Number of protein chains: 2
Amino acid sequence: MIKRRKTVTVTAGSVKIGSKYPLVIQSMVKLPTTDVARCVKQINSLSEAGAKLVRLAVPTRNDTLAFAKILQKVKIPLIADIHFSAERAIEAIEAGAAKIRLNPGNIKNKNDINRIIDCAKSHKVAVRIGINEASIRNLLRDTPKRHRTNLMIKKMQDYVQIFEKRRFNNIVLSVKSSDVARTIESNQAIAEKFDYPIHLGLTHTGLAEDAIVPASVALGTLLQQGIGDTIRISIAGDPVQEVEIAKQILASLGLYKSREPQLIVCPTCGRCQWDLIVFAQRVKKLLKGIKEPLRVAVMGCVVNGPGEAADADIAVCAAAGKGFIYKKGKKIATVRQDRLFATVRKEIWRYKL
Amino acid sequence: MIKRRKTVTVTAGSVKIGSKYPLVIQSMVKLPTTDVARCVKQINSLSEAGAKLVRLAVPTRNDTLAFAKILQKVKIPLIADIHFSAERAIEAIEAGAAKIRLNPGNIKNKNDINRIIDCAKSHKVAVRIGINEASIRNLLRDTPKRHRTNLMIKKMQDYVQIFEKRRFNNIVLSVKSSDVARTIESNQAIAEKFDYPIHLGLTHTGLAEDAIVPASVALGTLLQQGIGDTIRISIAGDPVQEVEIAKQILASLGLYKSREPQLIVCPTCGRCQWDLIVFAQRVKKLLKGIKEPLRVAVMGCVVNGPGEAADADIAVCAAAGKGFIYKKGKKIATVRQDRLFATVRKEIWRYKL
């Protein structure tokens, strides 16, 4: 349904990034890179949750040494997050990074940037040019907010030129901000100007309860317009949750095929004559562990109940004291309310076999 | 920043709906309407949370009688949710509803629809024409999903015509579905065809953990395109949370001016040498009860820390064993890590006075 913006294909190890390939979910390790064993464990959890690429910080020489060890112990390609230092970039590339994330703005020496590009080129490594509004704000302290988008785009044009001059095209672009409007605007602008894949993210959004809504608004809006080839949700919390939220955003737009059951529940209102929400929570628990896209609907009354049942594999619709059970839209049983949960459970258990 | 689509203005009691007025947040009471005392309490909680209109179900004559009593006891305008019955609509309007929500598709007799329109007109009550995909699905069981959007739009055109024929223009339109793509498409289509205000909602999205992301994606995408004049988030859960999420969606796009503090937190990575997330959670607790849009940033390192500090009222940026405290972008203190929380607390407490 969504027509993705056409991009060139970028290769990061075994992962292809661009409009010809599925959206790539990423996350980042939140442990000191030198803690090799725990990093490996976190990467495996992220991979199991659905991340196809994982990024690690490598601020010191010890970190790139640890990065090299981690690479030997995990199956998915890794990204090195580079700031300030060309040495770290080169060490990470030589260690086997599939991709590096670079903010050319904080590599002071232009020759250093060229050294990184040449090294990435000879090792066939991808580079994300990652602009973060906060990283250029010191330049912008007195720039009104309305000019920041333009400044970020201008920076991106300058950086891309450096890469293109050296005939290096294995690049992914990203412009991140903690502001939703500027994130949308600046990504729309770079989507128009370039045909490189775009990495989407809203940055520094905070704790989960503060981060999920703005990230969904910003990235959902862009994805719906076909913009975005790889995605990372930033949450000050468990990185596995970042992957789960990324999957939810993509799945909501049909850009990710979930193997998880989906539970449709009406929000209830004064028509609803029993505790549907508690019932739905119990059904949700039943669905844990099922690895197929079963669609289950729990509906409180006849206004929309039969309608949602028509699209569901299993549906429950409750009326006064009675419950109706549907299978693929067909009513298969009418039971007393106190028998309803047991009947639904029996139907769902069939899918667990 | 967002240019809202131009609409006519609709009046629902003291609330104006349309592009000339701020987005209106709504929710719905989730208790039997006959439970007057608890309904009044829930409406007051919703109003305090930020809802400007609250809807109640009135399936029976006893419900409209209770609705009339509730109206006397609350300060905000109320909406009656009508299905199947012209009598309930007329009773609710005569009781003093500011607006009714009507799905003309389930009022079988065309003359009944006209009676409702005439009654609303003489009482200067607003009507939302509310199409819900699930309510027409029985007609559509064999209609491929790709045709449903068109069918919903066709229905809306038919219904609007009925109202316009009777020269009744105090209408708000809504097309809801539990599917994000169809919700976006169908609202874009009615936004083009009509200049009546649009009520946005994604319906039957489920428990909070399943509902928040798709609702944010669907409604955020539409709002960013200027579509939507009133909004309701459907969550199978506490309706106050529906209002909170609506506020978060609107605030993320600059469509709602929050009086709450905002807490920016970096997601942390291997660079971060202390437990920033726990620190941020403690700061979040400090911010509870502050009723001004204080912007606080908690950042894990010097890559983006000083940049986020530039936009924040108070910021913390941590490095090995030390913490830097910023006020309006200016570094005001460098303290030992074990002194950091106390120092930040002192700064935040100043805003509590």
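Trainee: Two strands pair if DSSP finds at least two bridges between them. Over how many bridges do strand 9 of chain A and strand 10 of chain A pair?

Mentor: Strand 9 and strand 10 (residues 230-231) of chain A pair over two bridges, in the parallel sense. Strands here are DSSP runs of E with at least two residues, helices are runs of H or I with at least four, and both are numbered from the N terminus. Within this pairing, A:Leu200 stands opposite A:Ile231 of strand 10.

Trainee: What should I know about the model before going on?

Mentor: It is a predicted model, in which local features need pLDDT of at least 70 and side-chain atom pairs count only at pLDDT 80 or more, while totals for chains, interfaces and linings use all residues. Residues are numbered from 1 along each chain as its sequence is written, chains are lettered from A and ligands numbered from 1 in the order in which they are written, and side-chain values use heavy atoms, leaving out hydrogens and water.

Trainee: Back to the sheet, then. What is the order of its eight strands?

Mentor: In chain A the order is 8-7-6-5-4-3-10-9, in an open sheet with parallel pairing. Strand 8 (171-176) and strand 9 (199-200) of chain A are the edge strands, each pairing on one side only.

Trainee: Which side chains meet A:Asp81 in a salt bridge?

Mentor: That partner is A:Arg101, at 3.4 Å from N to O. A salt bridge here is a side-chain nitrogen of Lys or Arg within 4 Å of a carboxyl oxygen of Asp or Glu. A:Arg101 belongs to strand 6 (residues 99-102) of chain A and A:Asp81 to strand 5 (residues 78-82) of chain A, so the pair ties together parts 20 residues apart in sequence.

Trainee: And strand 13 and strand 14 of chain A: is the pairing parallel or antiparallel?

Mentor: Strand 13 (residues 314-319) and strand 14 (residues 322-327) of chain A pair in the antiparallel sense over six bridges. They form a hairpin with two residues between them, and A:Gly321 in the turn has a positive phi of about 75 degrees. A:Ala318 has A:Gly323 as its bridge partner in strand 14 of chain A.

Trainee: What is the bridge partner of A:Gly323 in strand 15 of chain A?

Mentor: There the partner is A:Val335. Strand 14 and strand 15 (residues 330-336) of chain A are also antiparallel, over six bridges. Their hairpin has two residues between the strands, with A:Lys328 in the turn at a positive phi of about 50 degrees.

Trainee: New topic: how many residues does the contact take from chain A and chain B?

Mentor: It takes 74 residues from chain A and 74 residues from chain B, contact meaning heavy atoms within 4.5 Å. The two chains bury about 6,000 Å² between them, 58% of it on carbon and sulfur atoms; buried area is the accessible area (1.4 Å probe) that two parts lose on being put together, summed over both.

Trainee: How many salt bridges are there between chain A and chain B?

Mentor: The count is six. One of the salt bridges joins B:Lys284 and A:Glu209, whose closest N and O atoms are 3.9 Å apart. Helix 8 (residues 208-224) of chain A gives the largest share of the side of chain A that touches chain B, 10 residues.
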